[in-house]
Amino acid sequence: MRIACTADLHGNITDYRALFEFAAQRQAHAVIVAGDLLPHAMRREDALETQRRFVEHDLAPALRAFRAHHPTVNVYLLPGNDDWAAAYVAVEELAVEGLAHPLHERVYQLNDNLWIAGYACVPPTPFSIKDFERCDEGALPAFSFDHAFVSHGGVIRPLQRHEFEGLPSIADDLAALAGRSDPRRTVYVCHTPPVDTPLDLMPRGRHVGSRALRTFIERYQPPLTLHGHIHEAPALSGTYATRIGATWCINPGHDQRRFHGVLIELTDGMVRMDHTVYGTQPE
């Protein structure tokens, strides 16, 4: 099984085309975007229309062109914390045409031996869009909710702190996801990286990944997890992959100057990987 993976494309159609070309050149069996699919859209007056328009006018045509030449290659698209849930509905509608598989809280069979499952939510951030944020292990950070908004139901509206605290946590959602396939034979695509790894490293040595996700990986030991969210982590840490027990965890990173993608090959329990910028990861 060969997987072409990237993350954090944020509506850059040039990077989407680079991903599809990379997947075709490397003869990937599956293509994955591990979160933050759509353009930055912070003006509430036109945010949903901006992101929906990108799906209709840019992403869908690119997917049609890819599928026309590679009809057996499945594309899996996970939203991230910069995507409005009401706009992600347009991504989900791509499945009707067979162009892509929406991945948030979904499970699919990759082949006879592997499944793929997705989870978009990240621990709380200081940013305004809260559709794909959830409480992590530990206390809720002291971020202000004065400018916190959600779009479930198709309308952007304010979110109160007590509402956020009442939502299922990352740990709750991952536990539910684990019951839908065999975790030891499932590739988990989670926008947040696990905490305290090279994949969630921020400037000044801060780590902002999910504690609940790390606990989940330590418990279930899936063969592979794919992430994004922290664009600069591979450049800061010097690596785009790390191990937690027997699990390989990957964050391709993102750089506006050049496309970041990883080709991952899973064969008989072995994981091999090659990055478009950083090259082969030593085992």
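Is phenylalanine 145 buried or exposed? In this predicted model, phenylalanine 145 comes out as buried, because its relative accessible area is 15% and the cut-off for buried is under 20%.

A total of 10 aromatic pairs turn up in the structure. One of them joins phenylalanine 145 to phenylalanine 164: the ring centres lie 5.5 Å apart and the planes meet at 55°, so this pair counts as tilted. The two partners come from distant parts of the chain, 19 residues apart. Phenylalanine 145 sits in the loop between strand 6 (115-119) and strand 7 (149-150), while phenylalanine 164 belongs to helix 4 (residues 161-165).

The charged end of lysine 130 is placed over the phenylalanine 145 ring, 5.7 Å from the ring centre.

Next comes a pair within one helix. Phenylalanine 216 and tyrosine 220 have ring centres 4.8 Å apart and planes at 50°, so this pair is again tilted. Both residues lie in helix 6 (residues 211-220), and because they are 4 residues apart there, about one helical turn separates them. Phenylalanine 216 and tyrosine 220 are both buried.

Aromatic residues also group beyond simple pairs. Tyr16, Phe20, Phe54 and Phe66 come together as one aromatic cluster.

Note on methods
Residues numbered from 1 in each chain as written. Predicted model: local features only at pLDDT ≥ 70, side-chain atom pairs only at ≥ 80, totals over all residues. Heavy atoms only, no water. Phe/Tyr/Trp six-rings, centres within 6.5 Å; stacked < 30°, edge-to-face > 60°. Helix = DSSP H or I, 4+ residues; strand = E, 2+ residues; numbered from the N terminus. Buried < 20%, exposed > 50% of the residue type's maximum accessible area, 1.4 Å probe, protein only. Lys NZ or Arg CZ within 6 Å of the ring centre and 35° of its normal.
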